[in-house]
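Subject: Structure handover and notes

Hello,

Here is the structure for you to look over. My notes come after it.

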Amino acid sequence: TLSASPTANNAILVAAIGAAASQGGGMVRVPAGSWEITQVNLPARVRLRGEGDGVTTLRSQQAQAVITLGGDDAGLMDLTLDGLNANVGSIGVLSIGRKRTVMENVTVTRFAQGILMRGGDAPRLRNASVTLCTKGADLRGDRDALFTNTGGPLRDLDWNGGRITTCSSEGLRLSFEDDPVLRTTLRNIRFETNACPAVIVNGARAVLLEGCSWTGNTTNLQVT
């Protein structure tokens, strides 16, 4: 049973995640409520699923990655991830070189960096939102050469629905760092009240923006 203790909650989640991973993957259900945790790693084919965005909230003030996607086909569904204070160095969701990452009906809020992807194949985001972060979503072709060296190109990302709002440094960045970003589709996303460029396209190729809207941003679209 989850409680007011972040370390106890984290231990419960880690045990449940390990049990799912030992069976080849599965859903780890998180009940309704607001639960404080520290950090978790999601192995291949394991997903955390709450009772709804805004119904289940996982909170963490760690000044590093809170949810790390450690395997392919991993992800988050039906929950809110809250960093509370946007602490320097905090990252809501980190994915390095993973395939078929899933984020559905999820809000990531109040982190220094909401979502960071360094390479990957075919991430799928549905009704995924990033709010009140310094940097919203940083999606890059990046080998991660200084650290894991397991990144690479970012290919075939498909993001449909959600919003990027009230970010202070960058909203959503698609960036060639040392590998390409190829075939990105952004559909039906609202970019609102970002005190910065809402969308930055830096060397990314074949970017489609369809049905998106921009309101109250310092700059709507910046292409380099």
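The notes below cover strands, salt bridges and backbone angles.

This is a predicted model, in which local features need pLDDT of at least 70 and side-chain atom pairs count only at pLDDT 80 or more, while totals for chains, interfaces and linings use all residues. Residues are numbered from 1 along each chain as its sequence is written, and side-chain values use heavy atoms, with hydrogens and water left out.

Strands

Helices (H or I, at least four residues) and strands (E, at least two) are DSSP runs, numbered from the N terminus. Buried stands for under 20% relative accessible area, exposed for over 50%, and partly exposed for what lies in between (1.4 Å probe, protein chains only). Strand β6 (residues 65-69) has 4 of its 5 residues buried, so it is largely enclosed by the rest of the structure.

Strands count as paired if DSSP finds at least two bridges between them. β6 runs parallel to strand β3 (residues 40-42), with 3 bridges joining them; N41 has T68 in β6 as its bridge partner. β6 also runs parallel to strand β8 (residues 91-99), through 4 bridges, and there I67 is partnered with V93 of β8.

Salt bridges

A salt bridge here is a side-chain nitrogen of Lys or Arg within 4 Å of a carboxyl oxygen of Asp or Glu. The whole structure contains 18 salt bridges.

One of them is between R118 and D144, at 3.3 Å from N to O. This pair links distant parts of the chain, 26 residues apart: R118 sits in strand β10 (residues 113-121) and D144 in the loop between β12 and β13. Both R118 and D144 are buried.

R187 takes part in a salt bridge with D158 (4.0 Å, N to O). Here D158 belongs to strand β14 (residues 158-165) and R187 to strand β16 (residues 181-192), 29 residues apart. R187 also meets E210 in a salt bridge (2.7 Å, N to O). E210 is in strand β18 (residues 205-210) and R187 in β16, so this pair ties together parts 23 residues apart in sequence. E210 is partly exposed at 39% relative accessible area, as is R187 at 25%.

Backbone angles

Most residues other than glycine have a negative phi. D144 has a positive phi of about 55° although it is not a glycine, and N149 likewise has a positive phi of about 55°. N149 is in the loop between β12 and β13. D144 is buried at 3% relative accessibility, whereas N149 is exposed at 52%.

Regards
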